[in-house]
Amino acid sequence: MTDIKIKDNIDKDTVQAVKELEGDKYKYGFVTDIESETAPIGLSEEVIKFISAKKNEPEWMLEWRLQAYKRWLTMDEPEWAMVSYPKPKFQELYYYSAPKARPEIDSLDEVDPKLLETYKKLGIPIREQEVLAGVKGAAKVAVDAVFDSVSVATTFRKELSQAGVIFCSISEAVQEYPELVKQYLGSVVPQSDNFYATLNSAVFSDGTFVYIPKGVRCPMELSTYFRINAANTGQFERTLIIADADAYVSYLEGCTAPQRDENQLHAAVVELVALDGAEIRYSTVQNWYPGDENGNGGIYNFVTKRADCRGKKSKVSWTQVETGSAVTWKYPSCILRGDESVGEFYSIAVTNGHQQADTGTKMIHLGKNTSSRIISKGIAAGVSNQTYRGLVSAHAKALNARNFTQCDSLLIGDKCGAHTFPYIEAANTSARFEHEATTTKLGEDQLFYCRQRGLSAESATALLVNGFVREVMQKLPMEFAVEAQKLVAISLEGSVG
Amino acid sequence: MLKIKDLKVEIDGKQITNGLSLDVPAGEVHAIMGPNGAGKSTLSNALTGHPSYHVTGGTAELNGKNLLALEPEERAGEGLFLSFQYPLEIPGVPTLTFLRTALNEQRKYRGEAELSVPQFMKAAKEAAKRLKIEDEMLKRPLNVGFSGGEKKRMEIFQMAMLEPKFMILDETDSGLDIDALRIVSDGVNYMRAPNRGMLVITHYQRLLDYIKPDKVHVLVDGKIVDTGGPELALELEKNGYDKYEALVS
């Protein structure tokens with residue numbers, strides 16, 4: 001099924017671990033029993049103060065949170081997306097839950113063995129487990145593990161810091177690099193941006209902070225495994241990545257979550273800032289629990305991801321493979337502020353069963369000679385529904401703005417739906433925008449052709465689907481591509497027959 | 001080898017095949033000729049298990065195995081191959097990837113070991129050379145942007161790689177110019193063997209100049225109405241099917 005040529009230096013364990021992921025049922029439906037320190041249920045100023053105090057935050061951070069909270073109280077949950085779900089009861093959620101804090105973790109040996117066990121079940125490659133366990137000389141993928149909202153392990157700090165790269169939890173950044181945080185936090189996604197981003201600003205528990213100094217090419221791919229673990233805990237990560245002038249960084253985000261009865265809310269905010277000549281590649285594989293066969297349970301994934309190509313000739317590339325969650329609602333976007341800046345969005349969204357996804361991107365052209373490219377591949381099966389929603393806009397000063405958009409949808413079966421809403425706005429006449437869209441049905445004849453050659457219906461589907469998404473898969477870093485290809489196949493299991 | 005008895009097939013509730021019987025022993029090549037709408041493609045689709053074709057009666061066996069009880073991929077695993085009249089495009093899937101996956105699934109079905117990549121590549125190179133298929137074409141997504149003739153050559157290439165026991169060629173000659181016809185026929189003849197059987201479905205006698213059949217059957221109105229040697233094809237070319245059609249109507 002796969003024809004991916006594994007590069008010699010690519011971890012064989014990664015491939016092996018991915019193979020072991022294969023299974024009929026969602027395998028990550030387990031709960032690790034780690035003692036949590038949990039905030040009181042519901043949301044109030046007191047809870048926010050509790051979170052802030054837990055994290056020993058300075059006064060300005062608490063003020064920032066409270067400001068967001070006051071703003072949030074005046075806002076209403078938006079309803080324009082093509083998704084339907086019971087509204088979260090915000091006063092019945094827990095907003096903070098941390099694995100019992102250890103004073104300081106110099107050595108990763110101290111990490112709870114159950115946590116390591118969890119990583120194993122998740123199929124996190126052995127090498128990265130070794131990294132987590134603090135084995136020297138393990139693979140050069142730095143992992144900042146966000147486990148139940150708090151970073152418990154950050155690795156390769158040394159090698160990165162030699163390069164001048166800062167890669168740490170955002171809580172730590174608040175303590176150690178307050179000036180950088182103050183300068184950039186909320187500068188891409190303002191506190192008051194939208195209902196969920198504002199909520200996140202008030203209660204974010206943890207997340208990742210990355211700073212690449214001028215002229216530095218980050219010596220390794222940075223990778224974070226997110227995982228939602230405690231029951232009834234809203235997950236509010238906050239990620240801030242800054243690439244200073246002429247810097248380069250590639251960041252990988254991968255997600256899985258344990259099986260739950262309750263719906264879990266996930267409302268992260270990701271802010272990327274690229275200064276003059278800088279480049280950021282941000283790749284996501286999202287595989288949160290999509291709910292059972294009747295559509296119960298599953299994660300609500302309401303994320304705000306935005307990049308500011310602030311500098312001249314800066315470049316940001318979003319690549320996402322979205323296979324999980326009951327409801328997905330996200331639009332990784334680029335503000336092309338700097339002249340000649342470039343924004344890219346490559347997306348694969350797979351929905352099966354009762355999943356719903358409303359996803360896409362926004363490319364806001366502000367600077368001259370800016371260009372953007374959007375390739376979106378949507379696959380809908382079962383009784384799922386998905387929507388591509390995109391905005392490409394050129395402002396009056398964005399002379400010679402260029403965009404190419406291609407949106408392809410593949411339908412499997414006749415009970416699913418795919419919708420495309422491309423919004424295009426050009427406020428100057430020199431802008432040139434192209435849009436192509438196709439919708440195809442995975443045909444009985446195509447399947448039969450494959451089966452006549454000896455492929456089972458399932459592997460024929462996997463092959464056809466992988467062919468469909470190939471163009472985007474090729475944009476992923478190799479480790480992710482192998483994993484993602486498997487995930488796509490797993491997500492569609494049982495969709496033909 | 002292939003034994004069909006009193007086969008009845010419906011599509012969309014309409015009976016197309018009306019009690020067809022046919023026996024192709026190992027080592028023989030049989031041709032089926034008939035006018036449009038006689039049920040030629042219905043026969044090949046029903047034998048290979050296309051889900052839109054419903055067998056309502058009769059039997060079909062390959063080497064004693066009841067084909068009708070098997071899934072399409074299992075029939076392929078048993079060695080049944082269809083060269084499609086209209087080969088489908090498989091976007092994004094390189095030809096060799098497709099073929100290697102298919103071959104290994106078939107081998108798995110038969111309990112054989114997977115073919116290693118070097119073994120597979122060697123076989124592919126040889127077969128491609130025989131069929132005058134450029135290496136570059138094998139790297140392209142299967143059939144995408146191929147001409148009609150290239151698609152047909154690619155079917156025969158797949159046939160060579162999968163080494164089936166029984167082959168059905170459904171109007172393989174349509175859309176081929178004379179050079180392509182020769183290349184394809186050579187590829188088919190190369191596959192002839194004492195343990196292989198073949199059914200060649202065609203409109204025209206022309207193909208049978210290149211692929212010499214042991215027997216020729218005339219299919220009209222879903223039934224075999226006449227059987228003879230290669231000379232029957234020549235006669236049909238001259239006189240058409242009128243006399244048979246008058247018979248059945």
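# Briefing on a predicted two-chain model

B:Ala60 is buried, with a relative accessibility of 0%. The model in which this residue sits is predicted. Chain A and chain B bury about 2400 Å² between them, and 3 salt bridges are counted between the two chains. Over all chains, the count of salt bridges comes to 29.

**Interface between chain A and chain B**

- The contact draws 22 residues from chain A and 34 residues from chain B.
- Of the area of about 2400 Å² buried between chain A and chain B, 60% lies on carbon and sulfur atoms. A:Phe448, A:Tyr449 and A:Arg453 supply 34% of the area that chain A buries against chain B, which is more than any other three residues.
- Across this interface, 16 residue pairs are in polar contact, with both residues at pLDDT 80 or more. On the side of chain A that touches chain B, the elements giving two or more residues are helix H10 (444-452) and helix H11 (457-473) of chain A.
- H10(A) provides the largest share of that side of chain A, namely 8 residues. By class, the side of chain A that touches chain B has 9 nonpolar, 7 polar and 6 charged residues.

**The salt bridge between A:Arg451 and B:Glu73**

- Side chains of opposite charge can pair when their charged atoms come close.
- The side chains of A:Arg451 and B:Glu73 form a salt bridge, at 2.7 Å from N to O.
- B:Glu73 counts as buried because its relative accessible area is 14%, under the 20% limit.
- A:Arg451 is likewise classed as buried, at 15% relative accessibility.
- The salt bridge between B:Glu73 and A:Arg451 spans 2.7 Å, N to O. B:Glu73 lies in helix H2 (residues 72-77) of chain B and A:Arg451 in helix H10 of chain A, so the pair joins two chains.

**Parallel strands in chain A**

- Strand E19 (residues 371-380) of chain A is mostly covered, with 8 of its 10 residues buried.
- E19(A) pairs in the parallel sense with strand E17 (residues 342-351) of chain A over 10 bridges. Within this pairing, A:Gly343 has A:Ser372 in E19(A) as its bridge partner.
- E19(A) also runs parallel to strand E21 (residues 402-411) of chain A, to which 10 bridges join it. Here the bridge partner of A:Ser371 is A:Arg402 in E21(A).
- Strand E12 (residues 279-287) of chain A is mostly covered as well, with 7 of its 9 residues buried.
- E12(A) and strand E14 (residues 315-322) of chain A pair in the parallel sense over 8 bridges, and A:Gln286 has A:Glu322 in E14(A) as its bridge partner.

**Charged pairs within a chain**

- A:Lys315 forms a salt bridge with A:Glu344, in which the closest N and O atoms are 3.8 Å apart. The pair links distant parts of the chain, 29 residues apart, with A:Lys315 in strand E14 and A:Glu344 in strand E17 of chain A.
- A:Lys315 is partly exposed, at 26% relative accessibility, whereas A:Glu344 counts as buried at 13%.
- A:Asp308, A:Arg310 and A:Arg337 are linked in a network of salt bridges.
- B:Lys8 forms a salt bridge with B:Asp6, the closest N and O atoms being 3.7 Å apart. B:Lys8 is partly exposed at 30% relative accessible area, and B:Asp6 is also partly exposed at 39%.

**Selected buried residues**

- A:Arg238 belongs to strand E8 (residues 237-243) of chain A and is buried, with a relative accessible area of 0%.
- The side chain of A:Arg238 makes polar contacts with the side chain of A:Ser201 at 3.1 Å and with that of A:Glu271 at 2.9 Å.
- B:Ala60 is found in strand E4 (residues 53-62) of chain B. Not counting residues up to four places away in sequence, B:Ala60 touches B:Lys3, B:Ile4, B:Leu47, B:Lys65, B:Asn66, B:Leu67 and B:Leu68.
- The C-alpha atoms of B:Ala60 and B:Asp6 are separated by 8.9 Å, although these residues are 54 residues apart along the chain.
- B:Ala124 lies in helix H4 (residues 117-130) of chain B and counts as buried at 1% relative accessibility.
- Leaving aside neighbours within four places in sequence, B:Ala124 is in contact with B:Leu96, B:Phe157 and B:Met161. The C-alpha atoms of B:Ala124 and B:Ala160, 36 residues apart along the chain, are separated by 8.7 Å.

Conventions:
Residues are numbered from 1 along each chain as its sequence is written. Chains are lettered from A and ligands numbered from 1 in the order in which they are written. This is a predicted model: local features need pLDDT of at least 70, side-chain atom pairs count only at pLDDT 80 or more; totals for chains, interfaces and linings use all residues. Side-chain values use heavy atoms; hydrogens and water are left out. Contact means heavy atoms within 4.5 Å. Buried area is the accessible area (1.4 Å probe) that two parts lose on being put together, summed over both. A salt bridge is a side-chain nitrogen of Lys or Arg within 4 Å of a carboxyl oxygen of Asp or Glu. A polar contact is a pair of N or O atoms within 3.5 Å; within protein, one must be able to donate a hydrogen and the other to accept it, and residues adjacent in sequence count only if both atoms are side-chain atoms. Helices (H or I, at least four residues) and strands (E, at least two) are DSSP runs, numbered from the N terminus. Ala, Val, Leu, Ile, Met, Phe, Trp, Tyr, Cys and Pro count as nonpolar, Asp, Glu, Lys and Arg as charged, and the others, Gly among them, as polar. Buried means under 20% relative accessible area, exposed over 50%, partly exposed in between (1.4 Å probe, protein chains only). Two strands pair if DSSP finds at least two bridges between them.
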